[in-house]
Amino acid sequence: MTTICLREFKSLFKSIRSIIIIIFMLGVTLGSAKLLSKWSSELQDVGLDNAYMGGLYILLLLAGPIFVTSLSHDVINRETHSRTMRFLVTKLSRDKIVIGKFLGVSLFWFVCILLSLIMLIPFAKTFYFAELIESVIFITYFVALVLFISTLINKPGLSIFLGIILSITLPVLGIWGMVSKEIIFLRIFSYLTPYFYVGQEQSFYVYFIPILSLVFLLSSIIILRKRDF
């Protein structure tokens, strides 16, 4: 499982698309921090000490899903499509393959977010440890979702199509349902997305998101167990 995890982690860093996304994330984080540093004293006066993370936070909320989808939409089905899955299942259990893939992709995003927050230290004069954990929890929801789609659908072309649709609709409907109390359907739907939990005033709601991620992960394991290669 460790081998699968590290292989997935390293392969993501070798991708040109990944490098572009990393540069873009770091650029947005650094640019927004430089802009906000002009009003550092005012931000401290109103108690917004974590405002420097605003650029990264908004980027993850809006573009995080499509970032994850574009990089990992074929995390499982590319092995099936290229028939390398037949070799993998002889060396590892199917459960370990799924978990290893999930951990590898999650580790990649952990490092990306960590690097972004390290860049904020000169501006904020502190490290946002709690925000790091919450951001990773948020992004791993989409890692688990993309993993589930890639396990459910055998064709990489179809999985990226569905993934992009969900990457656009989930933020829109999730945020809409979070702020709208009149449309009951949207309100209920938002409970199934991480946006409802990150939008609560109490930060402990974020720690309910791994339950949803675990549902996707377990579903992927069950599907792969029943599949023939």
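I began with helix 4, which is largely enclosed by the rest of the structure because 14 of its 19 residues are buried (under 20% relative accessible area, 1.4 Å probe, protein chains only; helices are DSSP runs of H or I, at least four residues, numbered from the N terminus).

Notes on the source: this is a predicted model, where local features need pLDDT of at least 70 and side-chain atom pairs count only at pLDDT 80 or more, while totals for chains, interfaces and linings use all residues. Residues are numbered from 1 along each chain as its sequence is written, and side-chain values use heavy atoms, with hydrogens and water left out.

I then checked the span of helix 4. It reaches 26 Å from first C-alpha to last, close to the 27 Å expected (1.5 Å times one less than its number of residues). I found a kink of about 60° at Ala-63, shortly before Pro-65 (angle between axes fitted to the seven residues ending there and the seven starting there).

Next, the largest nonpolar core. It has 59 residues (buried Ala, Val, Leu, Ile, Met, Phe, Trp, Tyr and Cys joined through side-chain atoms within 4.5 Å). Helix 9 gives the largest share, 14 residues. Phe-142 is among the residues with the most contacts inside this core. I listed its partners, leaving aside neighbours within four places in sequence: Pro-65, Val-68, Leu-170, Pro-194 and Tyr-195 (contact is heavy atoms within 4.5 Å).

Last, I looked at helix 7 and helix 13. Their axes come within 9 Å and cross at roughly 140° (lines fitted to C-alpha atoms over the stretch in contact; angles run from 0 to 180 degrees between N-to-C directions). Among the residues that meet there are Val-98 and Phe-102 in helix 7, and Leu-217 and Ile-221 in helix 13.

Note on methods:
Buried means under 20% relative accessible area, exposed over 50%, partly exposed in between (1.4 Å probe, protein chains only). Helices (H or I, at least four residues) and strands (E, at least two) are DSSP runs, numbered from the N terminus.
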